[in-house]
Amino acid sequence: MNGEFLEALEQIAREKDITLELLVETVESALVTAYKKNYQTEGDIRVTIDTKRGSANPFRVYRQRTVVEDLHNPQLEISLEDARKLSPEAVIGDTITTNIDTATFGRIAAQTAKQVVVQRIREAERRKIFDDYNDRIGEVVTGTVQRREGRNILVALGKLDAVLPPQEQVESEPYRHNDRLKVYVLEVKETNKGPQVVVSRTHPSLIRRLFELEVPEISDGVVTIKSVAREPGARSKIAVTSRDEKVDPVGACVGHRGSRVQAVVNELYDEKIDIVRWNEDVSLFISEALSPAKAVKVAVDDDGKSALVTVPDNQLSLAIGKQGQNVRLAARLTGWRIDIRSEAQVARAALMSLTEGLESLGEEMEEEDTEVATSDEENA
C-alpha cells in the first residue's frame, strides 16, 4: 500500500480508537459500494486493499460469477467455455472469481467513496463505543459534569457524554460544572445519534463498587459484601463477611482511622454509611443490622419471615431512626420484616396479657361456681 494512504488509515485508527484491521474492512466495504455506483455493476463484487507499503495500486477488485450452460447475465454468470479458460476443472454451478482491471479506480474511489467511508468509520466508532460500554454495565466509571439538558445531567466519559436522568440523581448533590463524579453504568441504548450511556448516582450497587475500589480485601475476594440497603443522599447500610478468620470484615472496610469508609462517604457527599457484620443466624444478623442500636432480644418467625426485636427503653428512637429510617434500612438489608418494641412496651404487653388471662380465669371459675350451685338446688 502506498505510504500516504496507509499513514492516513493509521492516523484515523488512532484518533477513533479503532483497530487498523477493522478500519481496512470498513473501507473495503465502502469501496464496493463506490465501485458498483460508478460502474453500474451488479453481482458479487469484492474489493481488497493491499496492506504492503510501496504498492503502486493498492486496490484490487474481484467479481464472482456462477458457471452456467446458457449465459443470460454476464455480470452474474459466466459460460462454461470461458470458465474453463480460467479454471480447466470448472463445472456447471461453480463460482469463478476474476480480477477486474481498474487502473483509474484509485482516483474514482477517492472521489466517490469519501462520504461512504466517513459514514462507515462513524458507524464502526459508534459500534465500538456501544460494545465497550455494554461490557461495562454494572461498573463504576469516573466522569466530569458538563451541562444540564432539561432535567438531565450530561457527564463526560471520554469520547461521549453519558446521561444522568432525574430519577437517578440524588436531590442533595449539587452537580456543578466540572465536578468529577463516580457514576454507576446502568444501561447502554442504541439511538439515531449513536450509543447513549445511562448512568446512576442512586443505585445501591454504586456503594458496593465504591467499596471494591477502596478496599483491597473486597476486590481480592477475602471480604464479601452480602447485601446493601440505601436511601440515596441520607444513609446506607452494608453487610459484610470474611472468608478468612484472621481478617475482620468491618475493620477492613472502615480502614485505618476510618480512611476507607471516609473516602466513600466523601464521594457520596457525606452520605452516612453503617457497616455491619453479616451472620448466618438470622436473629444475630438482624441485631447487627439495627446498629447503632443494641437489641436485647430478637424473636424470629420463620413462616412469616418477620422478627420482633426488643431494645432498651432509651434506645427505642435510635433503633427506629428518624422517620423510621434505621429500621427500614435494616429490613431491606436482611430481607425480613422487623417490628421493634422497648422493654417497657414488652413488659406492659405481658402484664396486660397476664391480667386478661386472670380475668378470663376468674370468669370461668364464677361460671363453674354457678353451675355447682344450680346443681345443688336441683338435688335438694
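Predicted model: local features only at pLDDT ≥ 70, side-chain atom pairs only at ≥ 80, totals over all residues.
How many bridges join strand S11 to S12, and in which direction do the two strands run?

1. Residues are numbered from 1 along each chain as its sequence is written, and side-chain values use heavy atoms, with hydrogens and water left out.

2. Six bridges join strand S11 (residues 235–242) to S12, and the two run parallel; strands here are DSSP runs of E with at least two residues, helices are runs of H or I with at least four residues, and both are numbered from the N terminus. Within this pairing, isoleucine 238 has isoleucine 275 of S12 as its bridge partner.

3. The open sheet of three strands has the order S10-S11-S12 with mixed pairing, where two strands pair if DSSP finds at least two bridges between them. Strand S10 (223–231) and S12 stand at the edges with a single partner strand each, so one side of each is left without a neighbour in the sheet. From one strand to the next the twist averages 20°.

4. Helix H10 lies across S10, S11 and S12 and runs at about 155° to S12; such angles run from 0 to 180 degrees between N-to-C directions, with axes as lines fitted to C-alpha atoms, for helices over the stretch in contact. Helix H12 (residues 325–334) also packs on the sheet, touching S10, S11 and S12, and its direction makes about 135° with that of S10; contact means heavy atoms within 4.5 Å.

5. H12 is mostly covered, since seven of its ten residues are buried, where buried means under 20% relative accessible area, exposed over 50% and partly exposed in between (1.4 Å probe, protein chains only). Among the buried residues of H12 are Val327, Leu329, Ala330 and Leu333, and their cover includes S10, S11, S12, H10, helix H11 (316–320) and strand S15 (337–342). Glycine 335, which follows H12, has a positive phi near 80°.

6. In H9, the buried residues are Val261, Val264, Val265 and Glu267. They cover an arc of only 165° around the axis, which puts them on the same side of H9; the arc is that of the directions from the helix axis to the C-beta atoms. What covers these buried residues includes S8, helix H6 (204–214), helix H8 (249–254) and S12.

7. Several backbone sites deserve a look in the model. Most residues other than glycine have a negative phi, and most peptide bonds are trans. Tyrosine 175, in the loop between strand S7 (160–164) and strand S8 (180–191), has a positive phi of about 55° and is buried, at 5% relative accessible area. Aspartate 270, in the loop between helix H9 (259–267) and strand S12 (272–277), has a positive phi of about 65° but counts as exposed, at 55% relative accessibility. The peptide bond from serine 291 to proline 292 is cis, with omega near 15°.
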